[in-house]
Amino acid sequence: MPESPFSATTKSRLLAVESVERDRQTINRVAETLGFEVRFCKDDETALIKLQQRFFQIIVVNPNLTSKKVSTFIGNLRSIRGYERVPVLVLSESDDEKEVAYYLDQGADGHITKPFTEELLFSHLNLFLRRQIFRRFNQAEYLKRDLNKERGEIILCSTSREVLDIPVNGIETEVLIVTDESELFKTLFSNNIWLVLIGVRAKWALPLVGKIKNDEAFNVQLILLRDNNVLDAEVVNFFNQGGDDITSVKKPAFILSRQINSRIEREMYYKEKYVNALRTAASKLPIRSESKLNIHYGSWGISAFHEYHEQIPGGDFYEVIVINENQRVVIIGDVMGKKWDAWFFSLAYLGYIRSTLRNLAYQKFIDPAKLLNALNDSIFRDFKLSEVFTTLSAVLIHKNEPNLQIASAGGLPGIVVGHGKQNYTTIHPKGTLLGLNENERYENIGVTLQPGDALYLFTDGYLESNEGIEKMGALLAQHVSVTQAQAIDGLIKNASLYSSEDDRTLVRIGLSLGDS
């Protein structure tokens, strides 16, 4: 049985309902190969409880249940938010076609007749896993296409790559020629397409208009090119399927090219307007991370600098949260992903962190590790966040004490610089990314600072790995007296210590001179 190509990178959970011992052993072996974590339930009622406590990517219904109870279970499953599209595989001893068809009609995604081999179960589960990963990849790709200012491309459906209906050289964006259905949809999926032109002789493309317009993955205009002005059945069928417009090719080339370019410019205008509106919203949301922060709290000075890459919000976030009169928690994190897709999830994480901290405050907040453990547990209970990973470091500050406690979930090492000592030390708290390991237990590291000392935390916009820590530490040791994070960012930039195409966030926590 081959190893799944996704087992090393995909964290998935499988729920098996009413499994006999022999089937459990088979399911366990296959699940281990695929990288699944398995939970078994004795009946459908127990399963429905577990489904609301944790999110499971695949459900296997093993069938001491009657066919009627199976359909009831699937119906109840689909009514739970987040499980509308989760694959359900039914295992049964019957190979009766009507019974199998009944399961599928009730919402099951597959059926295996018992007894079954490990290879057969592997094939079904691996197929489900591939579909999920492909769907998540495509959703992320569509979001990236929608939320950028890159100029879109044009598809020209044709019967020839040489004889074309439009003056390609006069078009101010790339024109991609396709000559059959397979090539058309491959190009739609893989490129940033804004406009599809159906050539005069490309009759093969006409039946596909409705398929394209009804697929939510494609947000494109479809234009029918004509060499006459007759309102015939072809035109009526084109508009009935949702086609957008028709254009005559019987006009001077420069006019035809200007009309097509005008459509692209209009798309560009609305795209810029759309992205600018989102950027404005990002800058005004109350839950956002401010670009600059400089505060004094007891003996401490806290400064932060947060900058988008190319003015587009990303997954970085930070905040200083009040626990009580004598305690504050500083957090800094980065949601995995790029630009807008990561930014949306960073807001969700900030909401989770704030609510979790408030709950812990009422329970006599003890340490940052407890916060990370609670957040990790919450993420695994939420189907929207269970597939998203984030780094997060948390520092507990006591108002008038020189002691800090720090815990980290996959964050870069912290750097501690001593005042006037021209040296630094690194802090390496243990712990994986939030959402990666359900049973992860995070640990605290205690740090005691002397007056003038400072702790620095930063995201991977400054360092993609630990390799640049030495240069960063040496630079910070030379400039420990610089207390403003924005000024420190300028020093780092001038020293060419970062060139990452990512947003970046830096936090400095310093003990004021004269305090102890």
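Author: A salt bridge is a side-chain nitrogen of Lys or Arg within 4 Å of a carboxyl oxygen of Asp or Glu, and by that rule a search of the whole of this predicted model finds 15 salt bridges.

Reader: Why is E234 called buried, and K203 partly exposed?

Author: E234 has a relative accessibility of 19%, and buried means under 20%, so the word applies to E234. K203, with a relative accessible area of 45%, falls between the limits of 20% and 50%, and is therefore partly exposed.

Reader: How do you know that K399 and E325 form a salt bridge, and where do the two residues lie?

Author: Their side chains meet at 3.1 Å, N to O, which is within the 4 Å limit. The pair links distant parts of the chain, with K399 in the loop between β15 (390–398) and β16 (403–409) and E325 in the loop between β13 (316–324) and β14 (327–335), 74 residues apart.

Reader: What is the exposure class of E325, and of K399?

Author: E325 has a relative accessible area of 53%, and because exposed means over 50%, E325 is exposed, whereas K399, at 23%, counts as partly exposed.

Terms used: Residues are numbered from 1 along each chain as its sequence is written. This is a predicted model: local features need pLDDT of at least 70, side-chain atom pairs count only at pLDDT 80 or more; totals for chains, interfaces and linings use all residues. Side-chain values use heavy atoms; hydrogens and water are left out. Buried means under 20% relative accessible area, exposed over 50%, partly exposed in between (1.4 Å probe, protein chains only). Helices (H or I, at least four residues) and strands (E, at least two) are DSSP runs, numbered from the N terminus.
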